[in-house]
Amino acid sequence: MEHYCAYQERCHKEVISKLTAMKMIPLAIDTIVAHLIEHNFLNEERFAKEFARGKFRVKKWGRKRIERELKLREISRFNIRTAMEEIPENSYINTLHELASRRLESLREPNKLKAKKKLADYLLYRGWESHLVYEKINELID
């Protein structure tokens, strides 16, 4: 399990699922998880920060999608807030602009309303805040 956690950051839920799949008894699972935490192989704050940075930088996810995914992994509210601080505001806005512009160029929709809807759906699905999405759409289309 040390190798499993050293290979990439893991959350407690992933480790417990892996151990459960290996048919470990609950006492063994608790002992192994405690060992991993004690030896710093498992750290939820570090996981949340790395997850947020990675998903923003690589997949261009917005804060809402990252937050939702962290909640699915049972990360605490405190760690989610800490992870969101890892995304610089100016970089966030620049990425939204770049993503929206690139998507708009690829749309082959002559109808402006349909193009707006397609762009909005795309950005909202990726977890960008609705007020930012609609501001950006109105800025780019009109």
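Where is methionine 1 found? Methionine 1 sits in the segment before helix 1 (2–7); helices here are DSSP runs of H or I with at least four residues, numbered from the N terminus. The model is a predicted one, in which local features need pLDDT of at least 70, side-chain atom pairs count only at pLDDT 80 or more, and totals for chains, interfaces and linings use all residues. Residues are numbered from 1 along each chain as its sequence is written, and side-chain values use heavy atoms, with hydrogens and water left out.

Methionine 1 is partly exposed, with a relative accessible area of 25% (buried is under 20%, exposed over 50%, partly exposed in between, with a 1.4 Å probe and protein chains only). Leaving aside residues up to four places away in sequence, methionine 1 touches Val15, Lys18, Leu19, Met22, Ile32 and Leu36, contact being heavy atoms within 4.5 Å. Leucine 36 is 35 residues from methionine 1 in sequence, yet their C-alpha atoms are 8.0 Å apart.

Next comes helix 5. In helix 5 (residues 63–72), the buried residues are Arg63, Arg65, Ile66, Glu69 and Leu70. These cover an arc of only 165 degrees around the axis, so they lie on the same side of helix 5; the arc is taken from the directions between the helix axis and the C-beta atoms. Their cover includes helix 4 (44–59), helix 6 (77–84), helix 7 and helix 8 (112–125).

The loops on either side of helix 5 are worth a look too. Most residues other than glycine have a negative phi. Lysine 60, in the loop between helix 4 and helix 5, has a positive phi of about 60 degrees despite not being a glycine. Lysine 60 is partly exposed, at 21% relative accessibility. Glutamate 74, in the loop between helix 5 and helix 6, also has a positive phi, near 60 degrees. Glutamate 74 is exposed, with a relative accessible area of 57%.

Finally, helix 7 (residues 89–106) packs on helix 9 (residues 130–140) at about 50 degrees, with the axes 11 Å apart. That makes helix 7 oblique to helix 9, since angles under 35 degrees count as roughly parallel, over 145 as roughly antiparallel, 65 to 115 as roughly perpendicular and the rest as oblique. On the helix 7 side, Tyr92, Ile93, Leu96, His97, Ala100, Ser101 and Leu104 meet Leu132, Lys136, Glu139 and Leu140 of helix 9. By class, this contact has 7 nonpolar, 2 polar and 2 charged residues.

Technical notes. Axes fitted to C-alpha atoms, helices over the stretch in contact; angles between N-to-C directions. Helix = DSSP H or I, 4+ residues; strand = E, 2+ residues; numbered from the N terminus. Nonpolar A, V, L, I, M, F, W, Y, C, P; charged D, E, K, R; others polar.
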